Amino acid sequence: MIVLYIILGIIALIVILLHFSVKVTLCAQSGEKPVIEIKWLFIKIYPRPEKDKGKAKKPKKEKKSKSPPSDADFTDEQIEQMIEQANLADKQEEAQDTENIENTESTEDTKDTEDIEEIEETKPEKVKLTKEQKKELKEQKKAEKAAKKAEKAAAKAEKANKEGVLAKIKRYFNMVKPYIPMAWKAVKKILKTIRFTKLDIRLVSGKEDAYDAAMAYGKLSAAVGNGVSLIDSIFTVRAKNVAVYCKFNESAFEYYAATVVMVRPSALIAIAFCTGVNFLRIWIPQKIKARKERKRREKEEKAKLKSNGTELLTNE
């Protein structure tokens, strides 16, 4: 019994904690950044406090760059050897360049002669077709026509597949259709659980001309009224102050909007549980009907097979 009491106490504590609303404070003012804060009980979910970065890291010591060896580090004999090696390398490069030039000239001459021979060999000659070659040409034309017909048949098959896709979409829609009213009711309930409390909207509009200022004031007040009524039709709204002010002989536009959005997690869980139960109430009978129809078809097929077998025996 003690274990049951402990379990019941834990469940009751969870239910009580879930009954407290999550609060989202929103505030926007002209000339300032918008403010967003999310709290649940005494826990601040967003924005999170910044962590201390700790002690500043010590700057790394710069490595001493090694200076390249100067000419004073080499002896006279080493300098002479280096000069001789550079001269030998220059001579070898000049010899290679001359050989490459000679080879390219010889290859160009051979190419010219080969091109002339090829042009002389490939002169057009009149060719007479035999009967067998003519038959082969006719067969090729027939094969091309057959390929075109096959392409047309493939295009028709693609169109039929597209029509099949539409049929599949209709079938899936008919499967989902019974759940649409239930889902719409659940969405409406969830939206109504969202409460806009302490709604404070203050707008200031002004124009240099009095007529323009009055017209702007009328349009703005109508837009604000319609917007608040639309939000009230979707969510639960509790307004604190909604006002529009007009300024004359001055072009200006200022705004201030603040509200606290509240949602109870327990309400969302309850709506989700109810929608799940309703979903099962629709889904289980559909599955039972589909199973009965499948069994009925299997019985009909077995009966047809038996009747066909008896007819064959009587004929024999």
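Visitor: What is the bridge partner of T25 in strand 6?

Guide: V260 is the bridge partner of T25 there. Bear in mind that this is a predicted model, where local features need pLDDT of at least 70, side-chain atom pairs count only at pLDDT 80 or more, and totals for chains, interfaces and linings use all residues. Residues are numbered from 1 along each chain as its sequence is written, and side-chain values use heavy atoms, with hydrogens and water left out.

Visitor: What makes strand 1 and strand 6 a pair?

Guide: Two strands pair if DSSP finds at least two bridges between them. Strand 1 (residues 22-29) and strand 6 (residues 252-263) are joined by 8 and run antiparallel, so they pass. Strand 4 (residues 195-207) also pairs with strand 6 in the antiparallel sense, over 10 bridges, and V204 has E254 as its partner.

Visitor: Why are strand 3 and strand 5 said to stand at the edges?

Guide: The open sheet has 6 strands in the order 3-2-1-6-4-5, with mixed pairing. Strand 3 (43-46) and strand 5 each have a single partner strand, so one side of each is left without a neighbour in the sheet.

Visitor: Which residues of helix 5 are called buried?

Guide: A213, L220 and V224, buried meaning under 20% relative accessible area (1.4 Å probe, protein chains only).

Definitions and conventions: Helix = DSSP H or I, 4+ residues; strand = E, 2+ residues; numbered from the N terminus. Buried < 20%, exposed > 50% of the residue type's maximum accessible area, 1.4 Å probe, protein only.
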